[in-house]
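Work through the exercises below with the structure open. Try each task before you read its solution.

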Amino acid sequence: MSTPIRAGIVGATGYTGFELVRLLSAHPHVELAFAVSRRDAGKSLGELYPTPLDVPLQAPDEVDPRSADVLFLCLPHGTAQEWTRRGLEAGAVVIDLSADHRLRDPATYRRWYGLEHAAPHLLSEAVYGLTEWNREALRSARLIANPGCYPTSILLALGPLLKTGLLEEATVIADSKSGVSGAGRSPKVSSLFVEVNENLKPYNIGHLHRHVAEIEQEFAVLGGSRAPANLIFSPHLLPVSRGILSTIYVPWPVGWQEGALRALYAETYAHEPFIWLLPPGQTATLAHTVHTNRCAISLHPVPDQGQLIIVSTIDNLVKGAAGQAVQNMNVRFGLDETAGLT
Ligand SMILES: NC(=O)c1ccc[n+]([C@@H]2O[C@H](COP(=O)([O-])OP(=O)(O)OC[C@H]3O[C@@H](n4cnc5c(N)ncnc54)[C@H](OP(=O)(O)O)[C@@H]3O)[C@@H](O)[C@H]2O)c1
């Protein structure tokens, strides 16, 4: 058997960090080098989560990044930059689950996150880890910017149209719902049971959510000179623990028939192990994807009204975070892309 890949996880006590510990502990080619927590160093993960995984938590200055081949950063944005520097200097591949390396332009990062980036030169180097669309660049990446959860659901749903130039000058309307784990484990009033239960709450609707910047950036990458003109993005907080469902409205591509559009999607995603294209008559739901690394996509043509509606679902903690990070690690280290994920 080949030498296992040594993985370090920073922010292991958060929702994405714990999901990573779970996935990597069952991964056939990985051994956990360390799991870092500031607040809970000295404890075991089993003291925080109902899990038999007896993973010791270590303080940030107790671990040596050189003992990891790959470093996963499950930290709030702004706090991942220092660990990125430490990881890269130690020669590890860094996979950053935060937003710190997703935007290529430091001014855009400053505008949307209100922070000056500590290492702007890394923004142009980081490879955006939407695996299905960036596989080749990922194979040699030193720094992988794992995509946001909402952008993953929207970009995978629109990829075939963007790549074919069918959204040129379009207005894209993405109406998305996320489970509460999307907000992380730190206590906040807006995530309290009584605020969330039996409620459905839109927030930052229009063109306000930080993921707008990331989605628009990737529209331009995938669509090139034929990218959409406008994005309306309306996220909602859904009273479930996990899962994202995006209902996306785009103009019906002029001159296209339903069969040709379905064929475009089928051909594009024919060999993708984690894209689940549903047949006509079926609709993607959260149940299609929660606790999996899949993205389920269903197409709903309304040509008489000049619209194509696409529904896409993922698990925000898996394909929207930890699962996609493992998928990216698999690609980067030349493993079977599905290892540890099926
Ligand atoms: N939740 C999702 O669905 C999702 C999806 C995609 C991407 N993301 C992104 O992934 C990152 C982690 O998300 P998460 O949901 O796992 O967050 P979380 O549950 O709030 O966990 C964050 C972890 O970071 C650690 N941490 C280290 N420095 C910190 C600091 N200065 N302030 C607060 N926490 C600090 C915390 O543990 P210690 O304090 O013990 O060190 C905590 O365990 C975020 O950037 C998030 O935007 C999240």
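**Exercise 1. The shell around the ligand**

Find which helices each supply at least two residues of the shell around the ligand, and describe that shell.

*Solution.* 
- Start with the helices. In this predicted model, α1 (15-25) and α10 (318-332) each give at least two residues to the shell.
- Now ask which element has the largest share. That is α1, with three residues.
- Next, take the whole shell. The ligand is surrounded by 29 residues, and the closest are Gly11, Gly14, Ser98, Gly184 and Arg185.
- Sort the shell by class. There are 16 polar residues, nine nonpolar and four charged.

**Exercise 2. The ligand and the domains**

Work out where the ligand lies relative to domain 1 and domain 2.

*Solution.* 
- Domain 1 spans 5-125 and domain 2 spans 150-315.
- Check the shell against these bounds. Both domains give residues to it, so the ligand lies between them.
- Take the spacing. The C-alpha centres of the two domains are 27 Å apart.
- Look for direct contact. Nine residues of domain 1 touch seven residues of domain 2.
- Look at the domain 1 side. Helix α3 (residues 106-113) brings three residues, the largest share.
- Class that side. It holds five nonpolar, two polar and two charged residues.

**Exercise 3. α1 against α10**

Determine how α1 and α10 are oriented, and list the residues that make their contact.

*Solution.* 
- Read the geometry. The axes lie 9 Å apart, at an angle of about 40°.
- Classify the angle. Roughly parallel needs an angle under 35 degrees. The pair α1 and α10 is therefore oblique.
- α1 passes α10 in a right-handed crossing.
- List the contact. α1 uses Thr16, Glu19, Leu20, Leu23 and Leu24; α10 uses Val318, Ala321, Ala322, Gly323, Ala325 and Val326.
- Class these residues. Eight are nonpolar, two polar and one charged.

**Exercise 4. α6 against α8**

Repeat the analysis for helix α6 (residues 149-163) and helix α8 (residues 211-223).

*Solution.* 
- Read the geometry. α6 and α8 pack at about 20°, and their axes are 10 Å apart.
- Classify the angle. α6 is therefore roughly parallel to α8.
- The crossing of α6 past α8 is right-handed.
- List the contact. From α6 come Tyr150, Pro151, Ile154, Leu155, Gly159, Leu162 and Lys163. From α8 come His211, Glu214, Ile215, Glu218, Phe219, Leu222 and Gly223.
- Class these residues. The contact has eight nonpolar, three polar and three charged.

Definitions and conventions:
Residues are numbered from 1 along each chain as its sequence is written. This is a predicted model: local features need pLDDT of at least 70, side-chain atom pairs count only at pLDDT 80 or more; totals for chains, interfaces and linings use all residues. A residue is near a molecule or strand if its C-beta atom, placed from the backbone, lies within 6 Å of it. Helices (H or I, at least four residues) and strands (E, at least two) are DSSP runs, numbered from the N terminus. Ala, Val, Leu, Ile, Met, Phe, Trp, Tyr, Cys and Pro count as nonpolar, Asp, Glu, Lys and Arg as charged, and the others, Gly among them, as polar. Domain bounds come from an automatic or database domain assignment. Two residues are in contact if their C-beta atoms, placed from the backbone, lie within 7 Å. Axes are lines fitted to C-alpha atoms, for helices over the stretch in contact, and angles run from 0 to 180 degrees between N-to-C directions. Angles under 35 degrees count as roughly parallel, over 145 as roughly antiparallel, 65 to 115 as roughly perpendicular and the rest as oblique. A crossing is left-handed if the near helix is turned anticlockwise from the far one by less than a right angle, and right-handed if clockwise.
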